[in-house]
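This briefing covers the pocket, the sheet and the nonpolar core of one protein model. Please look over the sequence and structure before reading on.

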Amino acid sequence: MIFTYTLQPIIFTGWSITPLSIRAAITKASWGLYLPLHTLLLGTSTALNPSVSNEYAALTTVMWGARLFPMTLKRMRFGLSQIECNFPPDANIRKERIDENGVRGIYVHSAGKDSDDDKKKRKKVVFWIYGGAFLAATVAATWFEADAFIVDYRLCPESTIIDALDDVVKGYVWLVESGRVKGGEDIQVLGISSGGGLAVRLGQEIRDKGYP
């Protein structure tokens, strides 16, 4: 209780405002120290099956220790928002925040400049729908080597799954009409976990309502 209402807000806020490059370096260094120590002292004994890798066993121990801090919605959302510490984006990637006509998200411009031949080709854009059990996720935690639009849909319990689908559909229509692609055939819809379910429902909406 004391941790939740006193230390947790300080830790979450302090970590969140720390530059990503520093957070990524701390995360990498911490894992670099922890993994060899765990391998030396415990090996794979903490895993469900001793045949797994040392990395898997070390991660299992961390996850077991997390039981000391019961999962809450705030902790879940904070944890998922920090995935980028393990996979920081290329420094050349440019992000464009979108907030137009009820559509929110981030358009990610891939690193590097297009050649003249590339500019003549039809651009393919990934329409990414993140997962998180409809409860937690972040548009900042996913990066691609290609251009991508990461739609920021509403989450439960503040909103409903129907609201989430509505945001996803609006995001798709916005991308088609934004001029960034020549048509729906140039959009690659991808989703993970609950986002995969929304991707399927988006496909059904495209079919039923005649979206391009």
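The largest pocket has a lining of 26 residues, and Val62, Ala66, Phe78, Gly79 and Gln82 lie nearest its centre. The model is predicted.

**Largest pocket**
- The space in the largest pocket comes to about 1,300 Å³.
- At least two lining residues come from each of helix H1 (2–17), helix H2 (20–41), helix H3 (54–65) and helix H4 (73–81).

**Sheet**
- Five strands form an open sheet with mixed pairing, in the order S1-S2-S4-S3-S5.
- Strand S1 (94–100) and strand S5 (187–191) are the edge strands, each pairing on one side only.
- From one strand to the next, the twist averages 25°.
- S3 and S5 run parallel and are joined by five bridges.
- Valine 125 has isoleucine 187, in S5, as its bridge partner.

**Largest nonpolar core**
- This core has 33 residues, and those touching the most other members are Phe127, Ile129, Phe149, Tyr153, Val168, Leu175 and Leu202.
- Strand S2 (103–109), strand S3 (125–129), strand S4 (148–151), helix H6 (161–177) and helix H7 (194–209) each contribute at least two residues to the core.
- H6 gives the largest share, eight residues.
- Beyond its neighbours within four places in sequence, valine 168 contacts Phe127, Ile129, Val151, Tyr153, Leu198 and Leu202.
- In soluble globular proteins, nonpolar side chains tend to be buried together.

Key. Residues are numbered from 1 along each chain as its sequence is written. This is a predicted model: local features need pLDDT of at least 70, side-chain atom pairs count only at pLDDT 80 or more; totals for chains, interfaces and linings use all residues. Side-chain values use heavy atoms; hydrogens and water are left out. A nonpolar core is a set of buried Ala, Val, Leu, Ile, Met, Phe, Trp, Tyr and Cys residues joined through side-chain atoms within 4.5 Å. Buried means under 20% relative accessible area, exposed over 50%, partly exposed in between (1.4 Å probe, protein chains only). Helices (H or I, at least four residues) and strands (E, at least two) are DSSP runs, numbered from the N terminus. Contact means heavy atoms within 4.5 Å. Two strands pair if DSSP finds at least two bridges between them. Axes are lines fitted to C-alpha atoms, for helices over the stretch in contact, and angles run from 0 to 180 degrees between N-to-C directions. On a 1 Å grid over the protein atoms alone, a cavity is a set of points where a 1.4 Å probe fits but cannot get out, and a pocket is an open set with protein on both sides within 12 Å along at least five of seven lines; lining residues have an atom within 4 Å of a point. Grid points are joined across faces, edges and corners, and a volume is the space filled by probe spheres set on the points.
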